[in-house]
Amino acid sequence: MDINCTLLLQGFHFFIAYSIFRWLLFKPVMAAVESDRAGEMLLLGAIARRKGAIIKVQQDVMQLWLRFHTSIRSNIPSDLHQEINYLGITAPLDNQEFSSPEQERLIESCAKSIIEKVGDVRK
């Protein structure tokens, strides 16, 4: 079995080229990849912390809403026709019934007032 000198020389050149590429190219590339992975892990950690904070705030808002809701429910008057007492001012609720011509007059009056204040928007 004859081993050609050219084959040995090619093997030697391949080993030198592989060492140079590994030292000059692969090492910095692998360092950049590892740096990117570390940055990605930091971002994922920050995202997880923010999601946790958002969930906590949502729970706090829900608790405040429930507390407000129960407070309002406990303070609503049982009979809507009773007098309203707010800061010492009493005013009875007035449930007036309007007749049909009177309703038409009020509607016309409100419409005229709105048109005067707002004007014609089609102009």
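A disulfide is defined here as a pair of cysteine sulfur atoms within 2.5 Å. By that criterion, the structure before you holds 0 disulfides. Please note at the outset that this is a predicted model, in which local features need pLDDT of at least 70, side-chain atom pairs count only at pLDDT 80 or more, and totals for chains, interfaces and linings use all residues. Residues are numbered from 1 along each chain as its sequence is written, and side-chain values use heavy atoms, with hydrogens and water left out.

We call a residue buried under 20% relative accessible area, exposed over 50%, and partly exposed in between, using a 1.4 Å probe and protein chains only. Cys5 counts as exposed because its relative accessibility is 59%. Cys110, at 46%, counts as partly exposed.

Let me turn to the overall architecture. Helices (H or I, at least four residues) and strands (E, at least two) are DSSP runs, numbered from the N terminus. The protein has 2 helices and 2 strands, and from the N terminus on these run α-β-β-α. How much of the protein is buried? Of its 123 residues, buried ones make up 0%. The accessible surface, calculated by the Shrake-Rupley method with a 1.4 Å probe, where for residues only the protein chains shown count as cover, comes to about 12300 Å². Carbon and sulfur atoms account for 64% of that surface.

I shall take the helices in turn. The expected span of a helix is 1.5 Å times one less than its number of residues. Helix α1 covers residues 5-75. Its 71 residues reach 102 Å from first C-alpha to last, close to the 105 Å expected. Where is the kink in α1 centred? It is centred on Arg22 and amounts to about 40 degrees, the bend at a residue being the angle between axes fitted to the seven residues ending there and the seven starting there.

The number of its residues that are buried is 0, so α2 lies largely in the open.

Next, the charged contacts. A salt bridge is a side-chain nitrogen of Lys or Arg within 4 Å of a carboxyl oxygen of Asp or Glu. How many salt bridges does a search of the whole structure find? The search returns 2.

One joins Arg37 and Glu34, at 3.2 Å from N to O. Both residues lie in α1, 3 residues apart, about one turn of the helix. Arg37 is partly exposed at 49%, and Glu34 is partly exposed at 42%.

Another joins Lys56 and Asp60, at 3.3 Å from N to O. These two are separated by about one helical turn because they are 4 residues apart in α1. Lys56 is partly exposed at 49%, as is Asp60 at 32%.

Finally, the aromatic residues. Rings of Phe, Tyr and Trp (its six-membered ring) pair if their centres lie within 6.5 Å; planes under 30 degrees apart count as stacked, over 60 as edge-to-face and the rest as tilted. The count comes to 1 aromatic pair. This pair is Trp65 with Phe68, and it is tilted, with 5.6 Å centre to centre and 35 degrees between the planes. Trp65 and Phe68 also belong to α1, 3 residues apart, about one turn of the helix. Trp65 is partly exposed, with a relative accessible area of 49%, and Phe68 is partly exposed at 45%.
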